[in-house]
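Please open the structure in a viewer and keep the selection tool at hand. The stops below are meant to be taken in order.

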Amino acid sequence: MELTPLEIVRELDKYIIGQEEAKKAVAVALRNRYRRNKLPEEIRDEITPKNIIMQGPTGVGKTEIARRLSRLVSAPFVKVEATKYTEVGYVGRDVESMVRDLVEASIHIVKEERMEAVKPQAEAAAERRIIDILAGEKKHDQPMSNPFAALFGQPKLPEAPAETEEERTEKLTKREKIEKALRAGTLDRNTIQIEVEDSGGIGIEIAGIGADLNIGEIVSGMMPKKTKTRNVTVAEARKILEQEEASKLLDMDDINTEAVRRAEQEGIIFIDEIDKVIARGSGHGPDVSREGVQRDILPIVEGSTVNTKYGPVKTDYMLFIAAGAFHNAKVSDLMPELQGRFPIVVELKSLHKDDFVKILSQPENAITKQYQSLLSADGINLTFTDQALETVADFAEKANSTMENIGARRLHTIIEAVLDDISFNAGDIDPPVDLVIDADYVKEHLKGYLKEKDLKRFII
Ligand SMILES: Nc1ncnc2c1ncn2[C@@H]1O[C@H](COP(=O)(O)OP(=O)(O)OP(=O)(O)O)[C@@H](O)[C@H]1O
Ligand SMILES: [Mg+2]
């Protein structure tokens with residue numbers, strides 16, 4: 001399903017209040033991927049994505065937009081933090097790993113799709129194997145194979161005594177009965193013995209050699225498959241065998257090729273905290289490593305080829321979205337070459353009282369809704385009056401302007417403080433209880449918060 005920009009914005013609206021400019025920019029960038037895919041190849045190759053930088057204060061929705069976006073798109077998507085590449089303490093930590101992670105994400109998507117496609121076949125095959133076991137017949141889904149048959153023809157097997165008509169029908173009805181019971185689920189708890197592929201054993205993994213070669217995987221791919229016997233319930237057997245049958249039906253080479261293609265053509269890499277890799281001073285210690293990270297990221301964003309265990313992957317057409325608060329640095333403090341690769345810079349705005357009122361109640365995962373469902377587990381029916389929300393929002397704005405501006409994160413700490421008593425006592429009140437939080441309740445319970453933060457001077 002490909003969403004139009006309007007549809008993408010509408011979906012984001014369900015979770016993020018305001019920040020229209022940023023929502024539009026990412027929506028257009030996404031749609032442009034789709035548009036580009038419709039073009040003939042010669043033109044397509046000329047069109048590179050317009051990467052985006054989202055800039056705005058703390059707690060206004062940058063990371064939240066990325067998180068929601070990732071759930072919306074069917075495209076391979078990864079979110080990384082630029083700072084993670086400096087933590088190790090030396091210049092140039094393997095930033096290429098972001099591309100490898102993207103390919104893994106892509107593999108996952110394609111595999112799921114293919115699994116889904118072969119599901120009916122896998123289910124049927126698994127069912128046949130379970131019936132075989134329950135009927136006490138030998139497995140018929142693994143016919144005897146003889147590697148020399150092609151050369152010398154099938155050897156003559158001793159003739160089995162011919163089955164009588166009666167025996168055949170008896171066997172058939174037995175299978176039918178089992179099949180019926182199986183489908184009705186009445187056998188689900190019976191224990192049976194199944195043979196499964198034993199994937200454990202060889203676990204040599206050589207990390208950090210760039211291409212991410214997994215020797216264990218290669219070696220085990222060359223060895224004959226080992227099997228082991230397990231006792232499981234029929235219900236478990238069904239799951240295990242379905243998985244096994246599905247993977248037999250998958251063409252891994254084909255999946256790899258498609259996954260690499262999608263990562264290259266549709267992949268989105270979200271680089272959070274990009275401002276944290278800007279050097280502040282004059283190039284010593286951590287600053288050197290920060291600049292180093294920018295220098296390492298540059299070729300990836302510019303377009304290069306990264307080796308992965310699924311083969312070489314080109315980054316030229318991937319979409320990069322970077323985000324940062326840029327408190328202590330400006331976008332123009334990024335390396336010029338890197339800036340040039342992010343032609344679209346969108347501003348996210350500071351949030352105010354009106355936004356806070358909406359954030360408290362409107363998003364599908366709004367914090368008040370979260371508390372309502374949590375407390376409903378203890379039989380408490382919690383509601384907030386409009387005035388209560390106004391009071392919280394008003395207080396949040398004041399607290400942000402007097403203390404540190406932490407954006408919408410402030411709401412979490414306030415609501416936490418307001419509901420502290422209720423959260424603590426909920427289990428001990430006889431349910432069902434209707435609790436209404438009004439403005440007075442909020443004010444009363446914020447006193448504790450003010451005291452804790454030493455904000456007695458605050459008048460609410
Ligand atoms: N515009 C918004 N609408 C709804 N919720 C928001 C909005 N902005 C922030 N929030 C909420 O506040 C919290 C913090 O937001 P988020 O993680 O997006 O901040 P950020 O902009 O990435 O800040 P930072 O620069 O500190 O990383 C999230 O839990 C999110 O739900
Ligand atoms: Mg963030």
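The model is predicted, so local features need pLDDT of at least 70 and side-chain atom pairs count only at pLDDT 80 or more, while totals for chains, interfaces and linings use all residues. Residues are numbered from 1 along each chain as its sequence is written, and chains are lettered from A and ligands numbered from 1 in the order in which they are written.

**Stop 1: the ligand**

Select ligand 1 and the 17 residues around it; a residue is near if its C-beta atom, placed from the backbone, lies within 6 Å of the molecule. Gly61, Lys62, Thr63, Glu64 and Ala408 come nearest. Colour the shell by class: 7 residues are nonpolar, 7 polar and 3 charged (nonpolar: Ala, Val, Leu, Ile, Met, Phe, Trp, Tyr, Cys and Pro; charged: Asp, Glu, Lys and Arg; polar: the others, Gly among them). Helix H4 (residues 62–72) gives the most to this shell, with 3 residues; helices are DSSP runs of H or I, at least four residues, numbered from the N terminus. Domain 1 (5–113 + 261–347) and domain 3 (353–449) each supply at least three residues, with bounds from an automatic or database domain assignment.

**Stop 2: H14 and H16**

Two packed helices are described by the angle between their axes and the distance between the axes. Select H14 (residues 353–361) and H16 (residues 386–402): the angle is about 130° and the axes are 8 Å apart. Axes are lines fitted to C-alpha atoms over the stretch in contact, and angles run from 0 to 180 degrees between N-to-C directions. H14 and H16 are therefore oblique to each other (under 35 degrees is roughly parallel, over 145 roughly antiparallel, 65 to 115 roughly perpendicular, the rest oblique). Show Lys353, Phe356, Val357, Leu360 and Ser361 of H14, which meet H16 residues including Leu389, Val392 and Ala396; contact needs C-beta atoms, placed from the backbone, within 7 Å. The contact has 7 nonpolar, 1 polar and 4 charged residues.

**Stop 3: H6 with H11**

Next select H6 (residues 97–135) and H11 (residues 252–266), which pack at about 125° with axes 8 Å apart. That makes H6 oblique to H11. Among the contact residues are Leu102, Val103 and Ile107 of H6 and Ile255, Ala259 and Ala263 of H11. By class there are 8 nonpolar, 1 polar and 4 charged.

**Stop 4: H6 with H8**

Glu127, Ile130, Ile131, Leu134 and Ala135 of H6 touch Lys174, Arg175, Ile178, Glu179 and Leu182 of H8. This contact has 6 nonpolar, no polar and 4 charged residues.

Technical notes:
Helix = DSSP H or I, 4+ residues; strand = E, 2+ residues; numbered from the N terminus. Contact = placed C-beta atoms within 7 Å.
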